[in-house]
Amino acid sequence: MKTITFNELRKIKDKLPDGSIRRIAAELELPEETVRNYFGGVNQSTGNGGGIHIEPGPDGGIVMFDDPMILEKALIILGETDYNVSTVFADV
């Protein structure tokens, strides 16, 4: 399981270029709403939560991922724009 802070997850989402949610959804064959929910969206009626669990705490709390594939796809996209992927998350 992977973990990061909620604020870090939002920073990653905010740094994604336009069209990234659609691109990630298409590559993983998921509804776009599922990808949006993964990054903190709340529309559960048209997509699932993406297998994330949020624990309250400092820095927005801790986010734990059952399957970090959406996060990893986002980091790959950011890596294409020189984002430092290696410092974002660690194993629990």
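Predicted model: local features only at pLDDT ≥ 70, side-chain atom pairs only at ≥ 80, totals over all residues.
**Notebook: helices and strands**

For a salt bridge I took a side-chain nitrogen of Lys or Arg within 4 Å of a carboxyl oxygen of Asp or Glu. The structure holds five salt bridges.

Residues are numbered from 1 along each chain as its sequence is written, and side-chain values use heavy atoms, with hydrogens and water left out.

Next I looked up how α2 sits against α4. Helix α2 covers residues 20–28 and helix α4 residues 69–79; they pack at about 125°, with axes 10 Å apart. That makes α2 oblique to α4. Axes are lines fitted to C-alpha atoms, for helices over the stretch in contact, and angles run from 0 to 180 degrees between N-to-C directions. Under 35 degrees counts as roughly parallel, over 145 as roughly antiparallel, 65 to 115 as roughly perpendicular, and the rest as oblique.

Which residues of α2 make the contact? They are Ser 20, Arg 23, Ile 24, Glu 27 and Leu 28, and on the α4 side I found Met 69, Ile 70, Lys 73, Ala 74 and Ile 77. Contact means heavy atoms within 4.5 Å. By class, I get six nonpolar, one polar and three charged residues for α2 with α4. Ala, Val, Leu, Ile, Met, Phe, Trp, Tyr, Cys and Pro count as nonpolar, Asp, Glu, Lys and Arg as charged, and the others, Gly among them, as polar.

Then I checked helix α1 (residues 6–15): its axis and that of α4 come within 10 Å and cross at roughly 50°. This makes α1 oblique to α4 as well. Leu 9, Ile 12 and Lys 15 of α1 touch Leu 71, Ala 74, Leu 75 and Leu 78 of α4.

Last, the strands. β1 (residues 2–5) pairs with β3 (residues 62–65) in the antiparallel sense over four bridges; pairing takes at least two DSSP bridges between two strands. Thr 3 has Met 64 as its bridge partner in β3, and His 53 also stands opposite Met 64. β2 and β3 form a hairpin with six residues between them, and Asp 59 in the turn has a positive phi of about 60°.

Notes:
Helix = DSSP H or I, 4+ residues; strand = E, 2+ residues; numbered from the N terminus.
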